[in-house]
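The following exercises concern packing and contacts in a two-part assembly with its ligand. Each task is followed by a solution in steps.

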Amino acid sequence: MNTQLKNIKFICNDSDVEINIHPGTTVLDFIRNTLRLTGTKEGCREGDCGACTILIGELINNRLIYSSANSCLLPMGHMNGKHLVTIEGLNLKKTLNPVQQAFVDEGGTQCGFCTPGFIISLTGYLLNANNYILSDAVNSLDGNICRCTGHIGIKRAVEKILQNFQYANNNETEKILLLIENNFLPEYFKNILNRLKEISLSLKEEFKATEKSKYIVSGGTDLFVQKWDDIINSDIVLINKSKEKLITEVDGKFFIMGEATVSDLINSEIIKSIFPDIKNYFNLFGSLPIRNRATVAGNIVNASPIGDITCFLLALNATVHLSNESLKRTVPLKDFFKGYKSLDKAPDELIESVSFEITSEKFLFNFEKVSRRTYLDIASVNSSVYLEILNGEIKEIHLSAGGVAPIPLYLKKTRNFLLNKKPEVDIIIDGAAILNEEISPISDARGSAEYKRLLLRQLFYAHFLKLFPEIINAEELL
Amino acid sequence: MKNYDSYQHVRGESLFLDDLTSPEGVLHAAIFSSPIAHGLIKTIDFHEALNSSGVIAILSAKDIPGENQIGGIIPDEVLLASEKVDYIGQPIALVIADSYLNAKKASNKIKINLEKLPPIFDPREAFRNNSLIIPSRTFEIGDVERAWKSCDLIIEGTADSGGQEHLYLETQAALAYPQEGNKIKIISSTQSPTAVQRTTARILAIKMNQVEVDVTRLGGGFGGKEDQATAWAVMAALGAYKMKAPVKLVLKRNDDMRMTGKRHPYSSDFKIGLTNDLKILAYEVTFYQNAGAAADLSPAILERTLFHTTNSYFIPNVKATGISCKTNLPPNTAFRGFGGPQAMFVIESAIFKAAEKLGVDPFEIQEKNLLNEGDEFPFGQRAENCNARKTWNELKRKINFEKTKVNIRNFNQENNLIKKGFALMPICFGISFTNTLMNQANALVHIYTDGSVGISTAAVEMGQGVNHKLRQVAAELFSIDLEKVSIESTNTTRSANTSPTAASSAADLNGKALENACRIILDRIITNIARELKVDDLKRLLIKKNILLLDNKPTEFTWEKLIQKTYTDRVSLSAQAYYATPGIYFNRNINKGKAFAYHVYGTAFIETALDCLRGIYKITDVKIVHDFGKSLNPVIDKGQAEGALIQGLGWMTIEEVIYDERGKLITDTLSTYKVPDLHFTPDKVEINFLEDSENPMGIFNSKAIGEPPLMYGIGGYFAIANAIKAFKQDTNIDCKAPMTPEKVLISLYSESIKQKPLKITKES
Ligand SMILES: Cc1cc2nc3c(=O)[nH]c(=O)nc-3n(C[C@H](O)[C@H](O)[C@H](O)COP(=O)(O)OP(=O)(O)OC[C@H]3O[C@@H](n4cnc5c(N)ncnc54)[C@H](O)[C@@H]3O)c2cc1C
Ligand code: FES
Ligand code: FES
């Protein structure tokens, strides 16, 4: 039995906590079992219900930033120096806060099991957003499932809250004060910034990998779903976000650090400037609390055939930068996957970063994902395409697809076929036929093999219909 | 009016079972279950598991002191299998350890040797093999054989609907404590405290008065904790009884999903006959219900299917046969609607198919055949206070039906990749347990000397707001502040021999019993004070807003003073009272009777937008006119309607229970079994309360609300079907639910793939 205990210091709601604990203990278990704060619920232990949602406040460049997370997938090791907020930490003494009151008034709660998670997520939004927009506020609840209300009363509650409270400012400190003034937060939030600064001074050295390390945990959104019961008995290493720039560009060459999260991608000005639709693509990835934690490296190393980030990066013909104690090397992402969950990577190698190059000014890009439920679901099939057109012909194309093979697929044959051809209906139909030969989907909970074949064809068509609306006629194609 | 449950929920202060402070020395249990769908147990080896760290004991069938039997309707289900297993996930042993993880780990070390038997998963195959739960049943009216001859069109077909996972957010859970005198106390997350009590007594070979079951609240039930909370509670009790220590059993989500039954999948054959003017003359249907491996509540559910064969329509000649088929899946169980939705899906499918053939819109047939006052249901009851047409017409007016139709048609003409479709969905749902004897309830009311009131009934709070409604009833009858009234936990020592909180009837039955109890006490209080005030005519005395009025003028007696006075005069401030729904009966020999106290009616309009390139859809708009009676609490009732609607839509669209060829559930997590989320929810949902609906059979003229609105969801299936047909007129809609994105895409393109196979046509 492993006894890898770590000293961890943080603030939970209004209380300072210092404890020696296995860093892989989930925050959910710790708050429910040790602190006996039972407002946070366990509904699934796989990040899919949101009943366990909590807020994490952390110092980033001396600013106090809050984000939501699924406490069932969150290791205690990550709480060092942070502010953990549970539903109990939002309660005012005698009255309900306006979020709570709106849920009561509008029928946003029935059995109540999911409710604390919703209240937490929405409070997270109020803390985070620079100005309040109804659709964004509703989207911030995309990780919370309610089986009783059908979410209709919940949406009404959100609407009412925003009707009664508006604010536009990006200064966190002012925002917190205003939220306190309007009873959304208890008084103690005033002092958290300073208290965290104080704690950060005394923080111990972070965890380092040793030969004994069995698990390397980054966001934990894969590992804790699969292995939570083993992790707490094993030696683990936690990868912490470096404080350096996570996403950079030098002369058309882009670098994304392995520990960048999906939220980091969506919010990156650099990424937004080249992929204006990035938010639309990746809002289909998990839920907000998952996106806040799920990392790029984790997505690649997990090697799931439907990894969305991997699909995206494959169509950028990205390169993986690996390193261990002694060596640094690079591998093209399309050669990184050897077979089902088998990688060109030694156990002690870490993904430091991923890079890709964009040489053409006028490239075209598209990402498609279809799943049974549009949001918070794993793709049945996903696909990305990168295109450069010169004189009406396809000068360069990278095409990827997920869910249609044991690995995330780079569609080499289809690419070679399309190269130097015109994007026209006949060519695309022939391309779809080649595509169909290149894949080998299997039937599972996400669809039959037959469906996945058909769906990929449709998504392949969707790329061209979207990118060449003047040239390609839907009726001819279908 | 403060709803205490809601108040606590939003603060995270409501205590669900797993939130209770564990008693000292509590042990934790995990379940070892069958890895195969059908087979004989040859040997089990607990040796290694027993040596696993933290393990205290492993209990199996031979440790049961009483009868190893948990079947409620039919005694055909063991608590722990010892000889034969009938489905994957069937409990075999209970591992008890110092922590859940240790128990779980040890359960993985149990070695079992089984001899496989051939399993059956398909209900029709079970039927062919004569593998039935009960003999088939038939409800009949008129003479279908004669009627076919008068029909201008006869259509035959098949309609299938899938299972549905309850996905109550709180998983099954129980905590049992040994008590002195060989007694046991169980806190259970159950809708049926009495079933837990009765079954525990049977398993432990003790008397029912040695078992106390207590329920505070459930994190959702939806029928999934009506019969199927029992096994876990009894296992915890068995553990506590044997270990002489408290035992807690909380199922992890994937165990819960694997081990418990779901809504019954049905496969049905129908034959429908109409005249040229769209009158349905005859309808014949055979329902093959996939019951799973044991009876559970299947016979009762099958019966309700038969009761709802014709939904909101009057059909003069009907023959409906129900067959409960035994298969090697977890026993399927109650789920909101209780067999009703499955029946309604078939009649709606039959109408859809008939409309297709006749080249009319389904709503034309629907409208023509709606129930009128006095029409007879196939089981002999007549429609009373019938609001089928009223809700239909009111809805059409509300949505400006003619204009809506044109708008949708225009939209579809202008858009080639997005198509809209809509459907109208009327519902008619009978209220009462169809097993007449279950329509009884009792209530116990105490008024304490400080004037506060405590109420115990059989109603279990699981989100449907029954606690708050009961508080309203008592507060209104006593005319005191709601704050003075508190609902106690549901407990078998205070409420005995109770029916489950089910069939949408908890507020009706318990509310009426509560009304009776309150009136008894009120009567005593008034009689007593009348003597004091020397008033002969009791009608001159009235309590209003916490004050006793004499001839409508306030007296010195506040509620508190009045209670004190009653107490000092040695008059009882407690009462227990009883209610049994009057006037209902059902004769199972002839399948006729007045089975229901009343019916609930309503009509929904459902619109969808379909992305015909990707096969994905969104339910965009739902408008409903629903008959709530005189709603006791509009916020609660509207919430029930909304939640049920979305659950029904989920059942018809994205929720799909999939077992593999070995009978193993592959949708056993929330990542593979998808329920509606916030984005699924239509942007526009409008629930209108039908005006001027009175219902003397309901508490304060209200109507039951829990189940009926679920069936609006069936319209979602046909709305999507119509959108598909707007894209490709000749698509064959196979009437197999759910209508998943996969189903949609394949319907849209299966033909075109045949014509244009996905093969290389030209070499380049
Ligand atoms: C509810 C839910 C929804 C999800 N939805 C989606 C979705 O829509 N699309 C999708 O693609 N995925 C989805 N996922 C899967 C998961 O979130 C992603 O794969 C995520 O990117 C994993 O990143 P992580 O940092 O959390 O991985 P972790 O769990 O921390 O690690 C995963 C693996 O990567 C390894 N690893 C992590 N970082 C490194 C590194 N720098 N170098 C070497 N190895 C490393 C770990 O050792 C481990 O083997 C979902 C998961 C959940 C729980
Ligand atoms: S418990 Fe369901 S998301 Fe954490
Ligand atoms: S209120 Fe029951 S799950 Fe949301």
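Two residues are in contact if their C-beta atoms, placed from the backbone, lie within 7 Å. The model is predicted: local features require pLDDT of at least 70, side-chain atom pairs count only at pLDDT 80 or more, and totals for chains, interfaces and linings use all residues. Residues are numbered from 1 along each chain as its sequence is written, while chains are lettered from A and ligands numbered from 1 in the order in which they are written.

**Exercise 1. The chain interface**

Step 1. Elements are DSSP runs, with helices (H or I) of at least four residues and strands (E) of at least two, numbered from the N terminus.

Step 2. For classes, Ala, Val, Leu, Ile, Met, Phe, Trp, Tyr, Cys and Pro count as nonpolar, Asp, Glu, Lys and Arg as charged, and the others, Gly among them, as polar.

**Exercise 2. The domains of chain A**

State how far apart the centres of domain 1 and domain 2 of chain A lie, and describe their contact.

Step 1. The assignment, automatic or from a database, gives domain 1 (6-201) and domain 2 (247-477).

Step 2. Taken over C-alpha atoms, the centres of the two domains are separated by 33 Å.

Step 3. In the contact, 12 residues of domain 1 meet 9 residues of domain 2. Strand β4 (residues 63-70) of chain A provides the largest share of the domain 1 side, 4 residues. That side has 2 nonpolar, 8 polar and 2 charged residues.

**Exercise 3. The shell around ligand 1**

Identify which residues come nearest to ligand 1 and which element gives the most to its shell.

Step 1. A residue is near a molecule if its C-beta atom, placed from the backbone, lies within 6 Å of it. There are 31 residues around ligand 1, of which A:Gly47, A:Gly219, A:Thr221, A:Gly298 and A:Asn299 come nearest.

Step 2. Elements giving two or more residues include β6 (215-217), α12 (288-293) and β14 (350-357) of chain A. With 5 residues, α13(A) gives the most.

Step 3. The shell comprises 14 nonpolar, 12 polar and 5 charged residues. Domain 1 and domain 2 of chain A each contribute at least three.

**Exercise 4. Two helix pairs in chain B**

Classify the orientation of α14(B) with α15(B), and of α6(B) with α7(B).

Step 1. Axes are lines fitted to C-alpha atoms, for helices over the stretch in contact, and angles run from 0 to 180 degrees between N-to-C directions. Angles under 35 degrees count as roughly parallel, over 145 as roughly antiparallel, 65 to 115 as roughly perpendicular and the rest as oblique.

Step 2. The axes of α14 (residues 466-478) and α15 (residues 506-533) of chain B come within 10 Å and cross at roughly 25°. Therefore α14(B) is roughly parallel to α15(B). Their contact has 11 nonpolar, 2 polar and 3 charged residues.

Step 3. The axes of α6 (residues 193-204) and α7 (residues 230-243) of chain B come within 9 Å and cross at roughly 45°, so α6(B) and α7(B) are oblique to each other. Among the residues that meet are B:Val196 and B:Ile203 in α6(B) and B:Ala233 and B:Tyr241 in α7(B). Their contact has 9 nonpolar, 3 polar and no charged residues.
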